[in-house]
Structures are given as structure tokens and as C-alpha cells.
Amino acid sequence: MAFDGIVVADLVHELKEELLNGRIARIVQPEPDELLLTIKTPDGQKRLLVCADASLPLVYLTDSNKSAPMTAPNFCMLLRKHIGNGRIIDISQPKLERIIRFTIEHLNELGDLCRKLLIVEIMGKHSNIIFCTEDGKIIDSIKHVSAQMSSVREVLPGREYFIPDTMHKADPLTVSKEDFVSLLSEKLMSAAKAMYTSFTGISPVTAEEICHLAGLDSSIPAKEYSGDILFHLYTQFEIYLSAVKESRFSPAIYFDGREPKEFSALPLTHLSGYTRQELPSISEVLKTYYSTRSQITRIRQKSADLRHVVQTALERSRKKYDLQLRQLKDTENREKYKVYGELINTYGYNVEEGAKQLEALNYYTNEMITIPLDPVKTPQENAQRYFAKYNKQKRTFEALSELCQSTKDDITYLESIQTSLDIALTEDDLAGIKEELAETGYIKRKTVRKKVKVKNTPLHYISSDGYHMYVGKNNLQNDELTFDFASGNDWWFHAKQAPGSHVIVKTNGDELPDRTFEEAGRLAAYYSSMRGSEKVEIDYVEKKHVKKPKGGKPGFVVYYTNYSLVIDSDISGLQEV
């Protein structure tokens with residue numbers, strides 16, 4: 001996440017266009033560290049959400065309303081008293097700091113025209129909303145910061161407001177070429193880190209982008225670059241930030257599949273592995289990004305119990321599998337005991353009484369071997385002892401082989417459940433997985449025993465050539481897609497020897513183009529445990545060749561004639577319905 005000075009600059013540009021000269025009609029404080037301002041403008045009513053939460057500070061325009069608490073907090077009452085019905089005459093950003101300053105004109109109790117400052121600081125855990133006089137004296141703030149809390153700056157009524165300069169960073173919009181080179185060349189850290197620690201408003205992702213555009217390795221210390229190379233970096237630095245000076249923003253979110261990974265106000269070309277989705281405003285970007293991230297976080301929290309069940313069962317199965325393999329290894333010598341018994345029966349007639357061993361020619365290998373004997377037993381009894389040992393280990397081998405395969409199937413199945421949990425995005429997805437675990441006996445239903453009907457549909461994509469592609473989100477859905485939904489001539493895709501979704505491509509009787517095969521293969525790679533890999537082997541076959549083994553777990557299939565392709569897991573160019 002790059003909520004840096006450039007994003008704030010885009011926000012200031014948007015707020016100026018939308019709110020300047022608007023009148024504050026309503027002020028509510030729905031949360032202890034959050035304000036919602038309703039502002040009447042010539043273009044209609046606008047709502048501005050300002051949040052100073054330590055974990056998620058935000059400022060953006062929104063269409064949503066929030067109810068006010070029964071009793072307004074003191075800070076909210078103070079703002080209503082001073083700037084209720086006030087007019088926003090300026091919105092600014094000092095340097096490229098993560099600070100938005102609203103200048104509000106209002107009438108005081110005597111009817112005189114006054115100005116106040118509402119300053120929003122978007123600085124992580126130090127975020128705050130500070131209300132000041134025009135000359136910078138703090139009237140109050142949504143969070144009070146005493147000297148015991150911070151040795152850098154007190155934020156209390158009556159104190160002078162100032163921006164703490166603890167990092168001694170330069171203004172990137174006004175820095176000269178010489179100062180830029182001097183600042184970077186004196187630092188031993190990487191070029192990217194040297195950049196974002198030297199200038200206000202520059203985030204690590206922005207520094208990486210500037211280095212990428214300049215064709216430089218961002219991990220090499222800036223001190224190791226020559227002056228000419230740093231001059232070249234400065235030129236790219238200036239070109240990139242010229243968009244900020246000229247307010248040429250292009251707000252966008254970068255997605256990894258369906259999960260938002262980054263957002264920015266300017267293009268980030270070094271994130272080429274992600275899908276870039278442009279939005280009309282930075283407010284839309286922030287709303288979309290955080291609501292989607294919040295949804296994913298919520299689903300992951302809700303899936304914690306299911307993950308625990310699966311992980312516990314998986315660990316138990318893996319331990320059992322390791323033990324079974326060790327026991328199976330102990331049966332490797334079973335054939336030797338059979339040979340010992342046969343050789344004793346063949347050559348035992350000339351064994352002396354009380355002999356402890358027998359030297360004999362192994363007619364299977366044409367080599368002499370030494371067979372240990374029990375001196376108190378006859379040759380026939382020694383032979384029977386070895387045959388009994390052979391038969392016991394043979395039975396053990398056969399039983400353990402079946403158990404090992406069964407346990408391995410359990411492990412594969414549970415790993416497929418983990419993959420299903422990773423791609424789950426809705427509560428319906430989790431309900432489907434929970435129902436599957438109940439059917440397979442890994443969790444118990446609390447009430448009725450009958451099967452619960454879950455309303456859930458597979459993922460649906462359209463290939464570049466217009467063919468419909470479907471992706472199962474859990475094993476029950478995989479079975480339904482493959483054996484109920486797909487026709488015999490439709491194509492079936494799956495990551496080779498890896499837990500993942502079944503992908504079905506509806507052919508409508510056509511011969512699929514190569515591009516559709518590749519796109520379906522990418523879907524199978526992405527919705528598998530191999531997601532993120534550059535090379536994933538995919539098996540694909542016509543659905544009519546895919547069979548369900550008798551007694552097989554949900555999602556388990558067999559096929560004997562298939563094609564294979566090796567593809568990456570990038571689905572950024574695919575259209576989801």
C-alpha cells in the first residue's frame with residue numbers, strides 16, 4: 001500500500017475540484033477518530049470521510065452516510081460551533097507531506113469574518129485531525145498527544161502547530177539536481193531506500209518505480225553509482241514528479257487475480273505482473289481498494305476455524321504417513337527370507353546338527369550366500385521359520401501399501417481444501433467448504449444430519465476468443481462441474497500433481513483455438529497451489545476421458561490419455577463475468 005504524498009496530492013487536487021467554496025452543512029463523528037462532513041457545493045451535496053485511525057487512516061469522498069452517536073463528542077461539538085456552515089476557501093498540501101490543510105471561512109459569535117484551519121495528518125499511527133486558528137495555534141484535536149506520549153511534538157489546545165521534521169527530508173518538488181545527487185551519494189543504503197528516506201512523500205513503491213524507469217538496479221547502494229548515473233536518475237525523478245506538479249494523475253489499483261495488492265495515483269510500470277484497473281478518481285480507488293481488502297481480510301478471519309481443522313488433520317495425516325513409510329521400509333527384505341527357506345529345503349540335508357549357518361549357492365543370483373541358522377532347530381524347522389517370517393512381512397507389506405495410499409490420498413485431499421480456502425472470497429464459498437468437510441467427516445454438523453444446500457456458483461470467465469470457462473471453488477463444485485455440468489466434448493484442465501480447481505471450457509462443438517487452451521491452462525495454474533509460479537505443468541483432456549474412481553473423495557478423478565502444457569499463472573488479461 002502506497003498512501004504517500006503523491007496519493008495525497010491527487011486527493012487534494014480532487015477535493016479542490018469538488019469541495020472548494022462549498023459550505024459545511026453537517027458534521028458528525030461516528031467513531032472516536034473519524035469525521036464525516038456533509039458539504040453543499042454548486043454541483044450538489046458531497047460527503048467527505050476523514051479517518052485518523054492508527055491502523056487505517058483515510059480521506060476520501062463517499063456517497064455513504066453514517067449515523068451520528070446519540071451524544072456528540074466534544075471535538076465534534078467544537079467543530080460545529082466554529083465552522084458549522086463555514087465555507088471551504090482553500091485546500092492545500094505543504095510540500096509533498098501526507099497532510100491536507102482545509103482553510104475554512106466562517107462568522108464568529110460577533111458576526112466577524114474569521115478563518116480556521118482543519119488539518120488532517122495521514123501518518124500511520126501518528127495520524128490526527130487538528131483544528132487550529134489561522135495563525136497556527138491549536139484549538140483542539142481529535143487525539144491529544146502529551147509530552148509523555150511524544151518527545152517530538154505536543155498536540156494540545158494552546159500549543160503552536162508545526163510539522164515535525166524528524167527525518168530532515170527535502171521537498172522533492174523543489175530539490176535541485178546538485179542537492180539530489182548530494183543527498184543520495186552520501187547514503188550507504190540502496191538507491192531506492194536512499195530516495196524515499198531523503199524526500200517527503202516518496203514511498204518505497206514510488207522509489208522502486210523511479211529506479212525502474214531509469215533502468216537502474218534499486219538494490220545497489222546509491223553511493224556506488226557515479227555522478228552521471230545519479231544525474232540520470234534525477235532526470236527521471238523530475239519527469240515522474242512533473243505529473244504531480246501539473247496534476248496529471250491516473251489513479252489505479254493493481255490486482256493479483258482478484259486480490260488488490262497496490263494502489264497509486266501515478267502509473268507503476270514495475271508491477272507488470274499485476275492487473276492494472278484505472279478508476280475515475282483517487283476516492284474511488286481508496287474506497288474500492290480498502291473495501292475489497294477488508295472483505296478478503298474478513299473472509300480469512302472467518303475461515304480461521306476451518307483452516308485450523310484442516311491444518312490439524314493434515315499434520316496428523318502427515319505424521320501417520322511418515323510412520324507407515326518407515327514400517328513399510330522394514331518389509332523390504334521379505335523376499336530374502338523366502339529365498340532362505342527355499343535354499344535350506346534344497347541344501348539342508350547335509351547340514352550338521354547344531355550348525356549355526358549354512359553356506360549355499362543362491363541359484364537366483366548364482367552367488368554363494370551365508371544363511372543364519374538356529375542351532376537348536378532342525379533344517380526343516382529353520383526353513384519353516386523363514387517362510388513364516390516371509391509370509392508375515394508380505395501380509396504387512398500388502399496392508400501397509402493400502403494404508404499408505406489411503407493416507408496419501410487424505411493428504412492430497414486436505415491440501416486441496418487448503419487451496420479452496422485460499423481462493424474463497426465470500427461467505428458462500430466458506431459455507432461450501434464447510435459442507436464438504438462435514439460430508440467427508442472432518443467436522444460434525446451441530447444440528448440436522450441432512451445435506452445443507454449451499455447457494456454458490458463456480459467462477460466464470462470468458463476467453464479472448466469468446467468461449468466460456470468455469471472454475472470450481474471447492475471439491476464438491478469440482479465434481480459438479482466435471483460430471484454434471486460439462487459435456488463429453490468439453491475440455492477439462494487441472495494442474496499436474498498439485499491441489500487445485502477443475503477448469504471446464506465449453507466448446508459448443510467447436511475446435512478450440514490455441515489461445516483458449518493457454519488461457520484455460522493459466523486459470524488452472526492460478527487456482528491451484530502453484531499460483532505465482534512462472535512454469536506450471538497443466539494436464540488437459542476432453543471431459544469424456546475423465547472418470548470418478550469408485551469411493552474416491554470429492555474432487556478426485558482419474559484419466560489415462562491426456563495432453564500437457566507448461567504455462568504461467570498470470571490471469572491478468574482474462575475477463576471474469
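View 1. Ser 92 stands opposite Arg 101 in strand E6, where strands are DSSP runs of type E of at least two residues and helices are DSSP runs of type H or I of at least four, both numbered from the N terminus. The model is predicted, and local features are reported only at pLDDT of at least 70 and side-chain atom pairs only at pLDDT 80 or more, whereas totals for chains, interfaces and linings use all residues. Residues are numbered from 1 along each chain as its sequence is written, and side-chain values use heavy atoms, with hydrogens and water left out. Strand E5 (residues 87–92) and E6 run antiparallel and are joined by five bridges, pairing being assigned if DSSP finds at least two bridges between two strands. Six residues lie between the strands in the hairpin of E5 and E6, and Lys 95 takes a positive phi near 50 degrees there.

**View 2. Strand E6 and its pairing with E7.** Seven of the nine residues of E6 are buried, so the strand is largely enclosed by the rest of the structure; buried means under 20% relative accessible area, exposed means over 50%, and partly exposed lies in between (1.4 Å probe, protein chains only). E6 and E7 run antiparallel and are joined by nine bridges, and Val 120 in E7 is the bridge partner of Ile 100. The hairpin of E6 and E7 has five residues between the strands, with Gly 111 taking a positive phi near 85 degrees.

**View 3. The two faces of helix H2.** Helix H2 spans residues 74–83, and Phe 75, Cys 76, Leu 78, Leu 79, His 82 and Ile 83 are buried in it. Seen down the axis of H2, these buried residues fall within an arc of 160 degrees, so they line one face of the helix; the arc is that of the directions from the helix axis to the C-beta atoms. An α-helix has 3.6 residues a turn, so residues three or four places apart point the same way. The face turned away from the buried side of H2 carries the exposed residues Asn 74 and Lys 81. The buried residues of H2 pack against strands E1 (23–31), E2 (34–41), E6 (99–107), E7 (113–121), E8 (128–133) and E9 (138–141), contact being defined as heavy atoms within 4.5 Å. Just after H2, Asn 85 takes a positive phi of about 70 degrees.

**View 4. Phe 3 within the largest nonpolar core.** The largest nonpolar core has 86 residues, and those with the most contacts inside it are Phe 3, Leu 48, Phe 102, Leu 233 and Phe 237; such a core is a set of buried Ala, Val, Leu, Ile, Met, Phe, Trp, Tyr and Cys residues joined through side-chain atoms within 4.5 Å. Leaving aside its neighbours within four places in sequence, Phe 3 is in contact with residues including Val 8, Leu 11, Pro 57, Ile 122, Phe 263 and Tyr 290. A second, separate core of 27 residues includes Ala 495, Leu 512, Ile 567 and Leu 574.

**View 5. The hairpin of E10 and E11.** Strand E10 (residues 252–256) pairs with E11 in the antiparallel sense over five bridges, and Ala 252 stands opposite Ser 264 in E11. Two residues lie between the strands of this hairpin, and Gly 257 in the turn has a positive phi of about 70 degrees. Strand E11 (residues 259–264) is mostly covered, with five of its six residues buried.

**View 6. Salt bridges.** The structure holds 27 salt bridges, each a side-chain nitrogen of Lys or Arg within 4 Å of a carboxyl oxygen of Asp or Glu. Glu 154 forms one with Arg 159, with the closest N and O atoms 2.7 Å apart; Glu 154 is partly exposed at 24% relative accessibility, and Arg 159 is partly exposed at 35%. Lys 329 and Glu 332 meet in another, at 3.9 Å from N to O, and both of these residues are exposed. Salt bridges that share partners join Arg 87, Glu 105, Arg 115 and Glu 134 into one network.

**View 7. The loop around Ser 572.** Ser 572 lies in the loop between strand E20 (563–567) and strand E21 (575–576) and is partly exposed at 27% relative accessibility. Leaving aside its neighbours within four places in sequence, Ser 572 is in contact with Tyr 274 and Thr 275. The C-alpha atoms of Ser 572 and Tyr 461 are separated by 12 Å, although these residues are 111 apart along the chain.
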